[in-house]
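Q: I'm new to this one and would like to go through it step by step. Could you take my questions as they come?
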Amino acid sequence: MMSEGKIYHIPAMLNECMDALAIRPDGTYIDVTFGGGGHSRAILERLGPNGQLYSFDQDLDAYQNRINDSRWHFVHGNFRYIKNFMDYYGITAVDGIIADLGVSFHHFDEAERGFSFRYAGPLDMRMNRQGRKTAADIVNNYEESELARVLWLYGEMTNSRALAARIVRHRSTNSITRIEHLLTAVGITTAELPDGTELSIDSRQKKDLARLMQALRIEVNDEMAALTEMLEGSKTLLKDGGRMVVLTYHSLEDRMVKNFFRSGRIDGTIEKDFYGNILSPFSVIEKGRTASDEEVERNPRARSAKMRSVMRVANEVIS
Ligand SMILES: C[S@@+](CC[C@H](N)C(=O)[O-])C[C@H]1O[C@@H](n2cnc3c(N)ncnc32)[C@H](O)[C@@H]1O
């Protein structure tokens, strides 16, 4: 479902991403985060008649943006299974992969999806609506220590223990199933309102709330594990000379991508040859580029985007 008149998404750093992908017209490409299809459409524009593009999204809402083009294939699934899906399509090697991580404007702007503290609505946050765990399940059922761990790890919240204790105290008498309930639990008393009602939040509270919501979202969607598996799968799928571009929106995922691109390993462990040169399956092209001022002016949500890109190489030695 999409509310009328709302933009599904505006792609970030579109030209920079296309330059970094250096599209081969006859190549096979994967966009693991289709969303509104902005990056996918730009890839198709650069592909010739024999090029192919596979676009993943775990949220079936994205399918409303489908592209009527015989070179385009939609994969409704989690990108963590990129290797299995591509095996299924009989594709063992690709020329390029793009990942524009996180959620689309659509997720934030649709109150019923429960991603934003700006609107009254259910506390959901599942990108895949068939997913078993909602944000409400986490805040109502996790042990206090487990909840504190999520807030600390994924929200980098220094007050994670106190906040978890507060939520647990609140839920002992009230179940927390809506955004308004969560706000009340953390001390921003809010009446229950019809879905979609805009909530007034003090600008000083927004930063902490954004961290809280980020932490819950990452846990609901198991985002760090999915990213790990997608990066590993991509490494095996990329041809020598193939390109990979990743746009990240918070430091946790950016750190993981940065380490992986530098070393070829998720834990970032560097392998060196006899002479002390770094051995890596990637040659780094873009080391964390951000959107131009002009783009941020036009699309403020591009402010937190960071782009990294690499070329796959056969055990290149980097001195
Ligand atoms: C930032 S948006 C991508 C926007 C897109 N590049 C565009 O131009 O419109 C991220 C999209 O990836 C999807 N997504 C996030 N994590 C995913 C995962 N693990 N597997 C598949 N899709 C995922 C989300 O549902 C969302 O639609």
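Q: Into which domains is the protein chain divided?
A: The chain is divided into domain 1 (14-104 + 224-318) and domain 2 (129-220), with bounds that come from an automatic or database domain assignment. This is a predicted model, in which local features need pLDDT of at least 70 and side-chain atom pairs count only at pLDDT 80 or more, while totals for chains, interfaces and linings use all residues. Residues are numbered from 1 along each chain as its sequence is written, and side-chain values use heavy atoms, with hydrogens and water left out.

Q: How much area do domain 1 and domain 2 bury between them?
A: They bury about 690 Å², 48% of it on carbon and sulfur atoms; buried area is the accessible area (1.4 Å probe) that two parts lose on being put together, summed over both. Met224, His250 and Leu252 supply 52% of the area that domain 1 buries against domain 2, more than any other three residues.

Q: And how many salt bridges are found across that interface?
A: The rule finds two salt bridges across the interface of domain 1 and domain 2, each being a side-chain nitrogen of Lys or Arg within 4 Å of a carboxyl oxygen of Asp or Glu.

Q: Switching topic, why does Gln130 count as exposed?
A: Gln130 counts as exposed because its relative accessibility is 61%, where exposed means over 50% relative accessible area, buried under 20% and partly exposed in between (1.4 Å probe, protein chains only).

Q: Which residues of helix 2 are buried, then?
A: In helix 2 (residues 38-46), the buried residues are His39, Ser40, Ala42, Ile43 and Leu44; helices (H or I, at least four residues) and strands (E, at least two) are DSSP runs, numbered from the N terminus.
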